[in-house]
Amino acid sequence: MSEPAEKSLFDAPPIAEQERMIEAILFAATEPMTVAALAARLPHGCDAAEALAYLRRRYEGRGVRLVRVGDGWAFRTAPDLGHLMQKETVEQRKLSRAAIETLAIIAYHQPATRAEIEEIRGVAVSRGTIDQLLEMEWIRFGRRRMTPGRPVTFVVTEGFLDHFGLESARDLPGLKDLRAAGLLDNRPLPGSMQKPDDDEDDLSGQTELFED
């Protein structure tokens, strides 16, 4: 006869209390937190994923929402109330056309090497452009290509996703949406990334956002 499983000395808190704990942790967090990171802070026996699900439903329709950002979770202002925060949080920082094109190429073609970016743009990419995007923490270094010279690749960051309210790179808008938002002019992007009259958001070739 098998022995009964060893029982914990302390029972896990009720799910409502676990939900409160998750709420407190995320409210004080300075960046999105993964389920694993949240679970590591909770008492033994807690179910962070279940508590997150309850908490997310509780905040539906409120002024702030619990949203997924990449692999993490964070509280964010409801999109329809974002205009109320503009004076307090919006910092105008214009990117050059070269930086916008470079960022767009990385976002839609990641992981991308400098040579691949230059091939699509048709011109050389200055070190300053890459450095600016790295400084803004909108791109980061990815894995090196297993090709001669082992060139480094670039991918967009969770900070980029968070800034634009995206859950993953698959949620990137099409060119029509970018132009409607005033983020692109009517000229086609270099390298025929997509035809200027193409209304399809074709990301079938999009790779996973983050590599192991």
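Helices (H or I, at least four residues) and strands (E, at least two) are runs assigned by DSSP, and they are numbered from the N terminus. The model is predicted, so local features need pLDDT of at least 70 and side-chain atom pairs count only at pLDDT 80 or more, while totals for chains, interfaces and linings use all residues. Residues are numbered from 1 along each chain as its sequence is written, and side-chain values use heavy atoms, with hydrogens and water left out.

- Three strands make up an open sheet in the order S3-S5-S4, with antiparallel pairing, where two strands pair if DSSP finds at least two bridges between them.
- Strand S3 (112-113) and strand S4 (139-144) are the edge strands, each of which pairs on one side only.
- S3 is joined by two bridges to strand S5 (residues 152-156), and these strands run antiparallel; Ala112 has Phe154 in S5 as its bridge partner.
- Strands of a sheet pair through backbone hydrogen bonds, either parallel or antiparallel.

**Helix H7 and its two sides**

- Thr129, Ile130, Gln132 and Leu133 are the buried residues of H7, and because they fall within an arc of 160° when seen down the helix axis, they line one face of the helix.
- That arc is taken from the directions from the helix axis to the C-beta atoms, and buried means under 20% relative accessible area, exposed over 50% and partly exposed in between (1.4 Å probe, protein chains only).
- The cover over the buried residues of H7 includes helix H5 (97-109), helix H6 (114-121), S4 and S5, with contact meaning heavy atoms within 4.5 Å.
- On the other side of H7, Arg127 and Glu135 are exposed.

**Backbone angles in the loops**

- Most residues other than glycine have a negative phi, and most peptide bonds are trans.
- Arg150, in the loop between S4 and S5, has a positive phi of about 45° although it is not a glycine, and at 44% relative accessibility Arg150 counts as partly exposed.
- The peptide bond from Gln110 to Pro111 is cis, with omega near -5°, and Pro111 lies in the loop between H5 and S3.
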